[in-house]
Amino acid sequence: MLAEILISAFLVIAGIFGLVGSLGMIKLQETMQRLHAPTKATTLGVGGVLIASMLYFGLIKGQLSFHELMITLFLFLTAPISANFVAKTFLQANMRAKDLPPSQSEYGWSVYVDPPKRESPEGD
Amino acid sequence: MITSAPIFSFACFGLGLLLNLWRIATGPDSADRILALDTMVINIIALLILYGIWQGTAVYYEASMLVAMVGFVSTVAYCRFVLRGDIIE
């Protein structure tokens, strides 16, 4: 009984987080603001569903597995990378280099400037 | 309770998919569309795992893992194509 309540709570919370993340795609005004909603809320929603699945198969079905943690880890690793790529795509299409603050280093922002050449092709 | 909570969750993620579809149709920018496709992939992973809970089988882990990998690779490839005009330089 307690296990069912726990699993149901995780499922409902995950559903609400997922819906908030997708609602943010519609509700927020700018592209850079819209970047926040899916990368944070939806990832958390999927994490909740995966925890609920793990609890369900462990407590009710009696076959505990850690496959879900692998998917959670994969999603948590890849969400920032894809958000970074989407932000770069937006910057390249809509902003120029002079609109941004200086990058505080020798080279400019990597969206606009090619990476510096290595001294020797073999590396260091 | 255990039967109605997955239905609620199915409804939430399904509605989320529809909202993402709206953003894909009306997105003013290609970055919006890439972001909406990425969110759609994440919602579909959640739906697959929910379906696995609903059916009581563990077969859908592998499917959701594959969908997660393909979704990430396709997001990165689409962004690279828009950014550099080439996927593998």
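## Fold of chain B

Read from one end of the sequence to the other, chain B runs α-α-α. The model is a predicted one. Chain B holds three helices and zero strands. Its radius of gyration is 15 Å, well over the 12 Å that the globule rule gives for 89 residues, so chain B is more spread out than a compact globule.

Along the principal axes, the C-alpha atoms of chain B fill a box of roughly 50 × 30 × 10 Å. Of the 89 residues, 44% count as buried. Among contacts in chain B with a separation of 6 or more, 40% are between residues 24 or more positions apart.

## Helix 2

Helix 2 of chain B covers residues 30-55. At 1.5 Å a residue, its 26 residues should span 38 Å, and the end C-alpha atoms lie 37 Å apart, which agrees. The helix is mostly covered, with 20 of its 26 residues buried. After helix 2 comes B:Gly56, which has a positive phi, near 75 degrees.

## Contact with chain A

The contact between the chains takes 43 residues from chain B and 48 residues from chain A. On the chain B side, helix 1 (4-26), helix 2 and helix 3 (60-84) each supply at least two residues. Helix 2 gives the largest share of that side, 16 residues.

By residue class, the side of chain B that touches chain A divides into 29 nonpolar, ten polar and four charged residues.

Technical notes. Residues are numbered from 1 along each chain as its sequence is written. Chains are lettered from A and ligands numbered from 1 in the order in which they are written. This is a predicted model: local features need pLDDT of at least 70, side-chain atom pairs count only at pLDDT 80 or more; totals for chains, interfaces and linings use all residues. Helices (H or I, at least four residues) and strands (E, at least two) are DSSP runs, numbered from the N terminus. The expected span of a helix is 1.5 Å times one less than its number of residues. A residue is buried if 20 or more other C-beta atoms lie within 10 Å of its own, exposed if 12 or fewer, and partly exposed in between; C-beta atoms are placed from the backbone. The radius of gyration is taken over C-alpha atoms; the globule rule is 2.2 Å times the number of residues to the power 0.38. Two residues are in contact if their C-beta atoms, placed from the backbone, lie within 7 Å. Ala, Val, Leu, Ile, Met, Phe, Trp, Tyr, Cys and Pro count as nonpolar, Asp, Glu, Lys and Arg as charged, and the others, Gly among them, as polar.
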